[in-house]
Structures are given as structure tokens and as C-alpha cells.
Amino acid sequence: MLFNSYVFLLCFLPGTLLIYQLVSRFHRKAVVVWLGIASLIFYGYWRPQFLFVLGASILFNYLISCLISRKIPNAISTHLLLWTAIAGNLGALCWFKYLFPLLNFFNNHLHLGRHWTDVLLPLGISFFTFTQIAYLVDLQQGVATQQDFFSYLLFVTFFPHLIAGPILHHQDIMPQFQQDRDYGLHWNDLAVGFSWFAMGMFKKVIIADKLAPTADLIFSMHGQVRPVEAWVGVISYVFQLYFDFSGYCDMACGLARMFSIDFPLNFSSPYKSASIIEFWQRWHMTLSQYINSYLYSPMQFMISASRQKNGKKVSRKAQGTPEGFLHMVALPTMLTMFIAGIWHGAGLQFLIFGLLHGSYLTVNHAWRIYRSQRKTEPLQGIASHFFHVGWVALTFLCVTVSLTFFRSSGLHEGVWLLERMAFVHAAHANYLFPARPKVFLLIGVAAIVWFFPNTQQVLARYKPALQLAPADQERRWLPIFWAPNLAWGLGLGAVILAALVNLQNPSSFLYFQF
Amino acid sequence: MNTATEPIHAPHATSRLAERKGFRFICYYMLLPIVGYLFPFFAERFPPLQPYCVTYGGSILDHAHGLAGQDADVIFFGDSTAMFGVDTERLSRKLGLKVLNIPNTLGSLANTGDWTLREYLDGNKPPRLIVFQTAPWNLDFHQTANPGPYEGDEEIVRHADPREFFRFTGAHPLEIFYFPFRFYASPTPLTNLRAWGKLNLAPVVQGFSPNLNPVSLQPSCTFPDIELHLQATGSVRELLSKYRTSKTMTVSYLSPIPNCTNVDQILARHYPGLTVAPPVVVPPQDIVADFTHAHPMRAYVPVTTDIAYDFVRRQLLRGSAAEP
């Protein structure tokens, strides 16, 4: 079920809220059970057969968690159980996501003359797989506690985050369903939740969906476009992806808030970043944190341990040497981003996306180390603003190049488009559309991206999420704050009305495919 | 204690003041969606607003509801090919009889069925002849793939009496449910004046309005599969028997079709249970290049009208001969 669909907005959501309010009068457990059932209905609405995949995954992981925590008495090593679970989860993920695309990839390149039909990817498989792996890892390390089945079911399936995140950490979400508090609906939280939901809807339906046709057209032309059209199409996609995904996350956070549940933030104006390191601290934040905790840090730990074993230094100073840098920074960064890239799909374009970001991050880390070694004084006054704008522009350009591959149907398509953007072979291009109106639209969207506060900043006074990102707490020159008053109520109501009108052909969210 | 202007900390505070403010805010928030949802139903029924809420198709279809007292000898009832293809004024002159078209589109027929014909017959003398005219591929009015069913919803909301409205709502609840959203998304003077201003509108005379699209079909045109595929003829057969009386003859008439490359497949077609002559084939360049493949160019309407004239005259003569 899509958040931006009539059935969700006019049937599922009101029904779920109403029954939630009714069952909340009985017991906390009733709330947990009801939200778990509602989430399964939400998930199974599109293709009920995928409930078997989700159900099997939950049962398998819950069984392993019971074995790890010795809830089911056993003498099997917890390490063995954990690695079995990780192998099982990743095996299922690979089966659905990579096996057939990979077979077809080799078939195409080796001319084997066979074609395998892709299996349909169960919605949100990456997200619920990652969530559960993290829980089992922490359970094995004694950081998490064993849950009863329905609490676990709800933790994995809670419908606002089930399909495209944010990726929830058990420590963030489970305590909120275990507190001794009034579980009924609260007008406070409904007000904040509905407002945040409307803001997300605005991003998705009013902005992202308006940019989508231009981006789709340009990326379907196999590079047969003029330079201006290539730029317009690629930047339309860069903005579309941000507004689509952050709109989804705003809706998810708003929905959770309606039930008085706080989610972690997933976006914090990433295009305002002045470096790639900062970009990844602001873009898909829960995935970045997940990758950092469960991939990058263990990898770095292993490398450090290996160096120490060989008598090499692992200090910050050692990272400043070329050998230490390559070993302790470049290698784990490149490997992590390589995996992050192919997580998005089994295509060379995703691999290039990951490797590009790995390279960007490596260069960025090298630059930081170089600057810290030189002990350069930070710039002051207008010069600092000037340079800041330059860094933001450079970061955006790097992201734009990487997303060109990310969106392309193949490596060649991405290269062709970048060639057009660089005015290479531009003479062979067709005329597709008058660029001026689209450029004006992009300027308007860019103004929202760079000059307006983001949604959590607007809602900052009402604790919109578990935490605010550091960047969201800085002073800003356009102080727009949400308040429960008539103007905001009517404005956001108008957004919902406009969205309802635009939902006649509801479009899916871009991150559903991952 | 928490007030509405203080930050709300998790677990979220629920003080009365904040709760009241929250409740009031939700009321403000719901106001526009609810009013906005109900407004189209009101505006479509409120005469001063009606001219500003009408779509292009609706502006022609509205003429079906102002025919009380305009008794006619020959009634055309069919899809848009009848509406765009038979100049009823010219036909009246040639026949020396009053001819009226009760305008419909395939999209409106899917929802309104024969409602407008019933409405006409309830308020007028029975005609001598009712011609059910459709393109050869539109013999099933109730097909679900009809384009533009909004036109039918619009006519129901604009003109149906409460009984008809609730009957329709019972049969098509989703059409009524989605109506306000379609209302805002359709080009009308109220919702999209710019798009409305770009439309080519011609006056409607006796239910006829020419199609002003200036682009015609190419000689190399082909009919798409959906038009080659024979649909059920039940809708037309039902109408033929339903409205045939001792005073009124009913006949089925297929609109002229362009001589596209695969026209033979349509001409070779049989229509089970329906007595109907094959359609007349006309040059493609005299037919508008749209998805229907059957709307005559404005300049060609006299020819398609004369083809209809021959048909009607034969039917009337046959009817006269059959009378005692």
C-alpha cells in the first residue's frame, strides 16, 4: 500500500487510528498486537503472497533470537547462530535481489543465449532484513534484550517504516512500546503527525512527481539529448530523488507520531552539505549509521587489530601517513561504499555509484587530514561564506555526477548523459522540449532546497523526532516555525486537498525498488 | 506542566491546554479538505456556478437536459460519432422533419446509459424513429475501458434528480467518491482557465457540435487492436427492443469509418443478433486524427450527414410502407 493512495489515506489510516484508540483502552499488548496486524495488512495489500516472505523472515529471525538469548534452551554457540542467521538473511536477499539480475548480466556479457526472468522483489526486503540482522548482532553482543513475539513483530513490521525505512534500531523503537504510558491517541501528537505527513506529501506529490516526467524522459533517451536538456533532466532527478525519499520519510515520521512514536531522522538537508562526509551525515542517515555501525566500524576494527598484530601503529597520526591512510581509511571506506553501492542493485551503474562515493569520501578524508596536519586557520567573514558556497556547489556537483549513474539503466547510459552534460558529441542530439519553463521550475525547487528550512527544523519546537541533527539546530536566516494555529492548519489542509487531487495516478516511491 | 507553545517532550505530554489546541488545529487542518471535497457537488448543482464548472465534453452533453418540449420526429442517440458527425439542422432541412441528437460520448454512456433518452421521452412526444448510432467498435456501452468517464459522472452530478443520483451512486460508488478529485483535475473555467481558454468550442445546435480538431488522419492510418476487436452488441440490442413501440421505430446505424489499411477486418465483421448495415468507408483525410478514428473533420460533416440522410430516409420509407 502506498502512503500516497486513496485507500491508505481514506480507509487504512483512519481505520487503523480508530481501532488503535479502541484497543488502547484495554492493554498495551492489545496496541502492539493491533499495530502488528495492521502492518501486515498494509504490507500484504499489494501482493499478499509476499506476506509469506515477510512472515518466514520474521519467524526465522525470531527463532534465532530465542536460541541466542537461550529463551529456547540450547547449547549451540551464539556465534554460530548469529552467522547462520546472517547467512540466511543475506541468502534470501541475494536470491530475490541479485541472483537473476546477475545471471542475466553474465548471460548478456558472455553471450550464453539464455534469459532468466527476474523474480519480483518483495517490497522493503532490504529494510526488514537489515533491521533484523542488527537486532540479532546486538542481541548476541548483549546490547539488546529478547522480546516477546508480538513486540518483535511490531518492531520489524510497524507500517510507517516497513517498506523504505527509516531503518529502525531496536533501542530507538522498542522502549517506546514498552513504556508505562497512556497509549491512546493524543491531539498533540495527531496535530504534529498530520502536519509532518502533509509536509511529506507536499514534497512527494507536489514537487517530486512534477519533476519525474522530465527526469524519466531524459534518462530514457540513451544520451540523445542536448546539453541543456541533459542538465535539466539530471538535476530534475537529483531533486526528485531527494524530495521523493525525504517526503516518504517525513510521511513515515508523521505517521509514527500520530501513534505517539518518535522515529529517528533520515534526512537533514543533504544538499546543503559542504563536503561529502557531511553529505552522508545528512542523507539517508539511518542507513549511513547502520553501515557505519555494522560494516565500516567492524571492518576498521579488524584492520586495526591486524595492524597491531603486525606491530604497526593505529593512532590518528598513523592515519596521516600514506600507508596508514590507505590501510585504515581508504580501504574500509572503499569497501563499505562498494557494498553500499551494490546494495542498491545488481548493475554496474550502482557499483560505479558506490565507488564514486568511496573515492569522494577518501579524498575528503585525505583533505581533512592534510588540513589538520597543516593546522590551517579557518577563514573568517565574507571569504568563509564565499568558500562555503563553493564547497556546497562542488559537493552538489559530485553528488549529481554519481546520481547520474545511479538513475541510468546501465553504465553506458550514464556515461552518454555525462558526455552531453560536458558538451561532448552535443551536435547529434535531438530537440526534446523548451528548456526555459523547466529551468524556472528547477530554480524554484533549488530555492526550497537551499534557502528554506527543512521539515524537522520547521517542527523543531515540537520535538518532531528522536533527535535533531546538529545542522538542524543551527540558527537560520529564514525562521519558519510550525505552530498549531489557523494559518498552518488551513495551509497544510490545502496541501492535503491538492495532494488528493493529484493522487488519481499515484506514483510509487523511488526507494521502494531497493 | 506543558502548554501548547512549549516543546512537547517524549513521552508526549497530554495536558488539557495542549490537547485542546491540538484538537482545534486538527479541525482547521480538516476544514479545507472537507469543504474542498464537498464544494464540487455544490458548485455543479448551483445554477450561477454551473457555467464555470463545466468541462468541454460536459458543455455539449448539457444539451441533452434542455430538450423538454422540443418534440422531434427523428432522434439520434449514440456515442460521440453521432454528436460530431450528423448535422441535425441540415438533416432536418433535407428530411423536412425535426431531427435532434441527444449528445453522449462513449465515456458518458458508460455511466449514464440511456438516462438522457429516458429523460427526453418522459418530457416529449414519442418520435417516429430513434437511430442508435455508434462507431462499429462502440457497440458495448458498458465496457470498462471507456476513456473519459468523468463526463458521465459530471452529467449525473449536474442534472440527475435525487432518485437518479442515488441509483447511480449505488451502482457506481467509486465514480461519485472520486468525483471531486476529478473535478479539480479537469479543465473548466473555474479550475483551469488557461487550459479552458485553449479549447476549441463550437456552438451546439440541435445536439450537434462539430469537432474543431484541425489535424486529419494520414492515408497510412491503421485501426488499433482495441477497435478491431468485436465487442458485445448487447447494449445496442437492448436499447433497440426497449424503445421500439407501435409509434416509434428503432434502428442501429454504424458511423462512417476511415479507409485505413486494415479496414477490411472491420468490414468483414458480423454482428451477432443485430441487424445492421456495414459502415460506409470514407477517405482517412476527412477524419480527425484522434484516438476514436471516427470523428469527421468539420468540413466533411455535410458528407457524413448526407450518408446518414440516405440511411434515415430509407428507414422512414420502410416504416411508411409497413404501416397499414
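This is a predicted model: local features need pLDDT of at least 70, side-chain atom pairs count only at pLDDT 80 or more; totals for chains, interfaces and linings use all residues.
Okay, let's start inside chain A. Where they meet, 38 residues of domain 1 are in contact with 36 residues of domain 2. Together the two domains bury about 3200 Å², and 74% of that is on carbon and sulfur atoms. On the domain 1 side, A:Tyr6, A:Pro166 and A:Ile167 lose the most area to domain 2, together 18% of what that side buries.

What about polar links? Between these domains we get zero salt bridges, but eleven residue pairs in polar contact, both partners at pLDDT 80 or more. Several helices of chain A each supply at least two residues to the domain 1 side, among them α1 (6-23) and α4 (78-110). By class, that side has 28 nonpolar, six polar and four charged residues.

Now, over to the chain partner. Here 35 residues of chain A are in contact with 32 of chain B, and the buried area is about 2800 Å², with 72% from carbon and sulfur atoms. In chain A, the residues losing the most area to chain B are A:Trp187, A:Asn188 and A:Leu497, together 23% of what that side buries.

On the chain A side, α1, α9 (187-219) and α20 (486-502) each give two or more residues. And α20 of chain A gives the most, with eleven residues.

Terms used: Residues are numbered from 1 along each chain as its sequence is written. Chains are lettered from A and ligands numbered from 1 in the order in which they are written. Side-chain values use heavy atoms; hydrogens and water are left out. Contact means heavy atoms within 4.5 Å. Buried area is the accessible area (1.4 Å probe) that two parts lose on being put together, summed over both. A salt bridge is a side-chain nitrogen of Lys or Arg within 4 Å of a carboxyl oxygen of Asp or Glu. A polar contact is a pair of N or O atoms within 3.5 Å; within protein, one must be able to donate a hydrogen and the other to accept it, and residues adjacent in sequence count only if both atoms are side-chain atoms. Helices (H or I, at least four residues) and strands (E, at least two) are DSSP runs, numbered from the N terminus. Ala, Val, Leu, Ile, Met, Phe, Trp, Tyr, Cys and Pro count as nonpolar, Asp, Glu, Lys and Arg as charged, and the others, Gly among them, as polar.
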